[in-house]
Amino acid sequence: MIGKFMFVLFVVAIFQLYSSPVSANPAIITGYDPMEVCIENCAQCKKMLGAWFEGQLCAESCIKYRGKMIPDCENYASISPFLNKL
C-alpha cells in the first residue's frame, strides 16, 4: 500500500515538473536589468571602438527603448546605428 502511494506521488511530482512552463531568464537569480546591461554594453563598445562608436547615442537608445535592443560589440548589425565614418 505504501509502495503504491509513493509511486503515485512520484508520478504526480514528475507530471508537475514537466507540465509547468520553465523560464530560463537569469533575472530570477541575478537581478538582471536589461537597461543596465544595455548601457554597460554601450560603454564597452565605446572602449573597444573608440571614436568610431557613438556611445552617447547608444545610451540614449537604451533609455528610449528601455533596454530592449542590447548592443553586442561583435555583432555589426546591433551596433551599426551607432557607428560613424569619422
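Q: Of the contacts in the protein with a separation of 6 or more, how much comes from residues 24 or more positions apart?
A: Those residues account for 66% of them. Contact here means heavy atoms within 4.5 Å.

Q: Before I go on, what kind of model is this?
A: It's a predicted model, where local features need pLDDT of at least 70 and side-chain atom pairs count only at pLDDT 80 or more, while totals for chains, interfaces and linings use all residues. Residues are numbered from 1 along each chain as its sequence is written, and side-chain values use heavy atoms, with hydrogens and water left out.

Q: OK. How many helices and strands are there?
A: The protein has 5 helices and 0 strands, so from the N terminus the elements read α-α-α-α-α. Both kinds are DSSP runs numbered from the N terminus: helices are H or I with at least four residues, strands are E with at least two.

Q: And what share of the residues is buried?
A: Buried residues are 16% of the 86 in the protein. The cut-offs are under 20% relative accessible area for buried, over 50% for exposed, and partly exposed in between, using a 1.4 Å probe and protein chains only.

Q: Which residues make up the largest nonpolar core?
A: There are 9 in all: Cys 38, Cys 42, Cys 45, Phe 53, Cys 58, Cys 62, Cys 73, Ile 79 and Phe 82. A core in this sense is a set of buried Ala, Val, Leu, Ile, Met, Phe, Trp, Tyr and Cys residues joined through side-chain atoms within 4.5 Å.

Q: Which helix gives the most to this core?
A: That's α3, with 3 residues. Both α3 and α4 supply at least two residues each.

Q: How do α3 and α4 pack, then?
A: Helix α3 (residues 34–49) and α4 pack at about 170°, and their axes are 9 Å apart. The axes are lines fitted to C-alpha atoms, for helices over the stretch in contact, and angles run from 0 to 180 degrees between N-to-C directions.

Q: Parallel or antiparallel?
A: Roughly antiparallel to each other. The label goes by angle: under 35 degrees is roughly parallel, over 145 roughly antiparallel, 65 to 115 roughly perpendicular, and the rest oblique.

Q: Which residues meet there?
A: From α3, Met 35, Cys 38, Ile 39, Cys 42 and Lys 46 meet Gly 55, Cys 58, Ala 59, Cys 62 and Ile 63 from α4. They divide into 8 nonpolar, 1 polar and 1 charged. For those classes, Ala, Val, Leu, Ile, Met, Phe, Trp, Tyr, Cys and Pro count as nonpolar, Asp, Glu, Lys and Arg as charged, and the others, Gly among them, as polar.

Q: What does Cys 42 touch, not counting residues up to four places away in sequence?
A: Cys 42 touches Phe 53, Gly 55, Cys 58, Ala 59, Cys 62 and Pro 71.

Q: Switching to Ser 61: buried or exposed?
A: Ser 61 counts as buried because its relative accessibility is 17%. It sits in helix α4 (residues 55–64), and its side chain reaches the backbone oxygen of Cys 58 at 2.7 Å. A polar contact is a pair of N or O atoms within 3.5 Å; within protein, one must be able to donate a hydrogen and the other to accept it, and residues adjacent in sequence count only if both atoms are side-chain atoms.

Q: What does the side chain of Ser 78 reach?
A: The Ser 78 side chain reaches the backbone nitrogen of Asp 72 at 2.9 Å and the backbone oxygen of Asn 75 at 3.0 Å. Ser 78 lies in helix α5.

Q: Last one: where is Arg 66?
A: Arg 66 is in the loop between α4 and α5 (76–79). Arg 66 is exposed, at 62% relative accessible area, and its phi is near 55°, a positive value in a residue other than glycine.
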